[in-house]
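Morning, everyone. Let me put it on the screen.

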Amino acid sequence: MPYNRKAIAPWSTEREQGIESATVDSNIETPQYLQPIVDTGVINKDGNWIGNTTSDRVFFDFQKDEAIANGAEILSNKVVEMYGYNKLNIGLKVSRAGDYNFLLLFGGDADNNYLNLNPINTSGQPKATIRTDSSTNAFSTLLNDAETIGADVWNIFQVNDMDGFNIKLKIINNSGGNADIETAIQRLV
């Protein structure tokens, strides 16, 4: 519920003279109330509007690679930009149960640029000091792991500490035979 209070006008002549008590004409009414606001972003130093980053509500960037031979690999078609996102969910569905290796690689554009760096080692793996290990300052690969996957169901894997990387996903089929591999991603703030 709004209410008004009286305050000394900061520009009044009485305040300028050092008089703390207000005289009749130097008071102003100041409304006091709570008002909800919605923070939708900021205007950056260049004067451009930058909206707040929010988590993806659904998986996207679906990709299906068919009849991938045992020992062969697939790469995601698109570079995943993780600026403002901390976690990456990877959805994986395979037609043949077995072992699959996951790796994250640096994602460069068509001209092999990574932001303002050229050339980038697109076969290199992003590394960071993982929060739980930050006291040792040891760099750890963000994702290089093998998992046993069941067939014909979606499996979801989450990778943490991804903010600031442009990446591509590499999956190696070690299931013992040909497999269709479907992937999708979701980014979380």
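A salt bridge here means a side-chain nitrogen of Lys or Arg within 4 Å of a carboxyl oxygen of Asp or Glu. And please keep in mind that this is a predicted model.

With that rule, take Lys170 and Glu73. They form a salt bridge, and their closest N and O atoms are 3.3 Å apart. Where do the two partners sit? Lys170 is in strand E14, residues 166-174, and Glu73 is in strand E6.

Now look at cover. Is Lys170 buried or exposed? Lys170 counts as buried, at 18% relative accessibility. The cut-off for buried is under 20%. Glu73 is partly exposed, with a relative accessible area of 44%.

Next pair: Asp61 and Lys78. Their side chains meet in a salt bridge, at 3.9 Å from N to O. Asp61 is buried, with a relative accessible area of 16%. Lys78 is exposed, at 51%. Exposed starts over 50%.

The side chains meet in a salt bridge, and the N to O distance is 4.0 Å. Glu66 is exposed, with a relative accessible area of 56%.

Why do such pairs turn up? Side chains of opposite charge can pair when their charged atoms come close.

I have walked you through some of them, including Lys170 with Glu73.

Now step back to the whole protein. The secondary structure comes to one helix and 15 strands. There are 189 residues, and buried ones make up 34% of them. Then the contacts. Take those with a separation of 6 or more: residues 24 or more positions apart account for 72% of them. Last, the surface. The protein exposes about 12,100 Å². Carbon and sulfur atoms supply 49% of that area.

That's it from me. Over to you.

Conventions
Residues numbered from 1 in each chain as written. Predicted model: local features only at pLDDT ≥ 70, side-chain atom pairs only at ≥ 80, totals over all residues. Heavy atoms only, no water. Helix = DSSP H or I, 4+ residues; strand = E, 2+ residues; numbered from the N terminus. Buried < 20%, exposed > 50% of the residue type's maximum accessible area, 1.4 Å probe, protein only. Contact = heavy atoms within 4.5 Å. Areas by Shrake-Rupley, 256 points an atom, 1.4 Å probe, with all protein chains shown as cover.
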